[in-house]
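Please load the model in a viewer where residues can be selected by chain and number. The tour below goes from one selection to the next and says what is to be found at each.

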Amino acid sequence: MKSLKDLEAIRDRAKQEMSLRETENKTRIIVGMATCGIAAGARPIMAAFNQELELRGLHSASVSITGCVGVCRYEPMCDVIDPNGDRTTYINLDAGKVRRIVAEHIVNRRPVTAFTIGAAER
Amino acid sequence: MISRTHVLVCGGTGCAASKSTEIMAQFEKHFLAKGIEKEAKVVKTGCFGLCEKGPIVVIYPEGATYANVKPEDVKEIVEEHLLKGRIVKRLLLGDTEAQDVARSLENVGFFSRQLRIALRNCGVINPEVIDEYIARDGYAALGKVLTKMKPQDVIAEMKKSGLRGRGGGGFPTGMKWEFAAVQKADRKYVCCNADEGDPGAFMDRSVLEGDPHSIIEAMAIAGYAIGANQGYVYVRAEYPIAVQRLRLAMDQARGYGLLGKNIFETGFDFELEIRLGAGAFVCGEETALMTSIEGHRGEPRPRPPFPAVKGLWQKPTILNNVETFANVPVIINKGADWFASIGTEKSKGTKVFAVGGKINNTGLVEIPMGTPLREVIYDIGGGIPNGKAFKAVQTGGPSGGCIPAAHIDVPIEYDTLIALGSMMGSGGMIVMDEDNCMVDIARFFLEFTVDESCGKCPPCRIGTKRMLEILERITQGKGELSDLEKLETLANSIKQSALCGLGQTAPNPVLSTLRYFRDEYLAHVVDKKCPAGVCKAMMTYSIVEDKCKGCGICAKRCPVDAISGVVKLPYRIDQGKCIKCGVCMDSCKFAAITFK
């Protein structure tokens, strides 16, 4: 290590990895990972969320999992919980939808209404 | 891929003793079995402070805190929490009542009242990974002082912060550094006192185990401030985990060029070495510690000259305690004004206490100076177990004294504790309830000092021994009223004449208990009674005739045949033969035997 810049580079890299351990002011993405979710392909969805967050260096969101919420026909699905507690449920996810949710909801703070459970029920 | 979940497992000495290493291995094993080894990561951390509830496991991003985890619980945690996202409520820390939400560390009463500066990284980072320390602004303070500050600026900042020595004495750290900085010498040294010896104290061990890099960084900063290029950490060999992690941390720091030659290309060199102590209490005294580093028998020498003038190998030396050093990088990063805004007028910042004894939440707490003792005992410590009454708290170890229940609202700071005849000390806090005999407590601490006296000066070598003999006499019911006076006279002359700090403070536990609990001493010497029921010599086992059914089981069990009687009639204990082992009391089915 030669300079403060080198130190900062290491800090930023390690910080990203450790940001998972902060609980305040975070958007939580919760992927349904019960049997129904996994069978419908929830695991690649979760991996896609992780990959997308990593790619964009987003520290402000974390990915966790939950069980079955009872609407198995909409799996794979996820909830996005904003820092203020607002909850948006996205359904029938695929890798493309994941990218748009991260870009529009997590980054730009605009829920993608077209993918929500409300849009499907209408 | 970045892991989606971090499983933090405490790797401190306390939790390691209750199988946290095996718990980590179990997690790794079950990750593999479930194919989630790439998503989940086990992080070994330092002490969380809640040793009573250990081993502690914290799972992020939920922040769910599990307590008293056993290796066999791991499978359930992996299957339920990590695979299905269902928190295992029965293992959650906190109230046993049903909880719908994950309780994160910050929400638990034990943590919410604490302010963690010295312990900022303990239980948060993996102490064996330097990058995790750097992620929390580690080594940024060293970078800042080397590139942007002059040595005198660093000292000015330390003085302004108001930081005082956390090892016991409470000497202003900035002034100590200044004394050494103004000395002209070809070599100077920085020493870290990690020879934590007070019974029940483990603050320094926890910092070394949980955040070793903070000590390395702070010592390099101190070296720059006073003009030293060599540091020594004097740590006791009884702390194997601390020593191993410190060694590893030093290797990693060297690998990154944060120790060694030309740090940050500023031309500043700093090297660090570890010296292992054999665990003698006296080696925590600064002059004895330096004598021991030099390779001699650990004995103190008179001061002056003070170490800042003539210390290690007759060169100017500063010696600070682990916790003091742990505060330094934060003060540099956040500024002296920030630090000085915490605490009270004369005691700035926070203090770490190892709370033990008769208290529910045994463990490590860090509180702002000025926090009332009551808050530590009841709000953080969770009060006294089994509904017993709080009697006193012992602070400052064998050099300190007792604070009785009447003073429980005292704000904790250096000067208030000294005014009460106790002291901050290194931060051991032993809580006592109504079942503790204060004479016996004084005897216990004096026995410790007698054992640990190095023998160099007669007041300590002979004086404390004589005091102990008097105390033993009192606890055996052979004391006289004049003994109390003798104790006080001896205590005061030892205080005035002993060579080093240890001898000078050795009588404190006796003086302080005499001050606040004189009635207990009087009960021992005048009434020949131990009110708390601890001093066995003054107690007798006896059989209550009304309750005795004459079954004879006690007589059968008594190892010295002290009990005799006729079946179906009350039995009797021959006090001349009784050795007070208590077997009769344990064997009686009718609670007919008393001990008082």
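**Two helix pairs in chain B**

Begin with α7(B) and α8(B), which are roughly antiparallel to each other, a term used for angles over 145 degrees, whereas angles under 35 count as roughly parallel, 65 to 115 as roughly perpendicular and the rest as oblique. Select residues 151-161 of chain B for α7 and residues 173-181 of chain B for α8, and the packing angle comes to about 150°, with the axes 7 Å apart. On the α7(B) side the contact is made by Val154(B), Ile155(B), Met158(B) and Lys159(B), and on the α8(B) side by Thr173(B), Gly174(B), Met175(B), Trp177(B), Glu178(B) and Ala181(B), where contact means heavy atoms within 4.5 Å. Sorted by class, the residues of this contact of α7(B) with α8(B) are six nonpolar, two polar and two charged; here Ala, Val, Leu, Ile, Met, Phe, Trp, Tyr, Cys and Pro count as nonpolar, Asp, Glu, Lys and Arg as charged, and the others, Gly among them, as polar.

Some conventions apply throughout: this is a predicted model, in which local features need pLDDT of at least 70 and side-chain atom pairs count only at pLDDT 80 or more, while totals for chains, interfaces and linings use all residues. Residues are numbered from 1 along each chain as its sequence is written, chains are lettered from A and ligands numbered from 1 in the order in which they are written, and side-chain values use heavy atoms, with hydrogens and water left out. Helices (H or I, at least four residues) and strands (E, at least two) are DSSP runs numbered from the N terminus, and the axes are lines fitted to C-alpha atoms, for helices over the stretch in contact, with angles running from 0 to 180 degrees between N-to-C directions.

Next, select residues 458-475 of chain B, helix α18, together with residues 518-525 of chain B, helix α22, which pack at an angle of about 65° with their axes 8 Å apart. How are α18(B) and α22(B) oriented to each other? They are roughly perpendicular. Leu471(B), Ile474(B) and Thr475(B) of α18(B) meet Tyr521(B), His524(B) and Val525(B) of α22(B), and this contact of α18(B) with α22(B) has four nonpolar, two polar and no charged residues.

Move to Tyr414(B), which is in helix α16, residues 414-419 of chain B. Is Tyr414(B) buried or exposed? Tyr414(B) has a relative accessible area of 2% and is therefore buried, given that buried means under 20% relative accessible area, exposed over 50% and partly exposed in between, with a 1.4 Å probe and protein chains only. Apart from neighbours within four places in sequence, the contacts of Tyr414(B) include Arg164(B), Arg166(B), Ser347(B) and Met369(B).

Now select Glu76(B), in helix α3, residues 74-84 of chain B, which is partly exposed at a relative accessible area of 28%. Leaving aside neighbours within four places in sequence, Glu76(B) is in contact with His81(B), Val88(B) and Arg90(B), and the C-alpha atoms of Glu76(B) and Val88(B) are 7.7 Å apart.

**Backbone details in the loops**

In the loop between α12 (286-293) and β9 (317-321) of chain B, find Gln314(B). Its phi is near 65°, a positive value in a residue other than glycine, and Gln314(B) counts as exposed at 52% relative accessibility. A further positive phi, near 55°, belongs to Lys528(B), which is in the loop between α22 and β15 (541-543) of chain B and is partly exposed at 31%.

Then select Gly54(B) and Pro55(B), joined by a cis peptide bond with omega of about -5°; Pro55(B) lies in the loop between β2 (40-45) and β3 (57-60) of chain B.

**Chain A**

Finish in chain A, where a cis peptide bond joins Glu75(A) and Pro76(A), with omega of about -10°. Pro76(A) is in the loop between β2 (61-66) and β3 (78-81) of chain A. Viewed whole, chain A has five helices and four strands, in the sequence order α-β-α-α-β-β-β-α-α, and its C-alpha atoms fill a box of roughly 60 × 25 × 25 Å along the principal axes. Of the 122 residues in chain A, 45% are buried.
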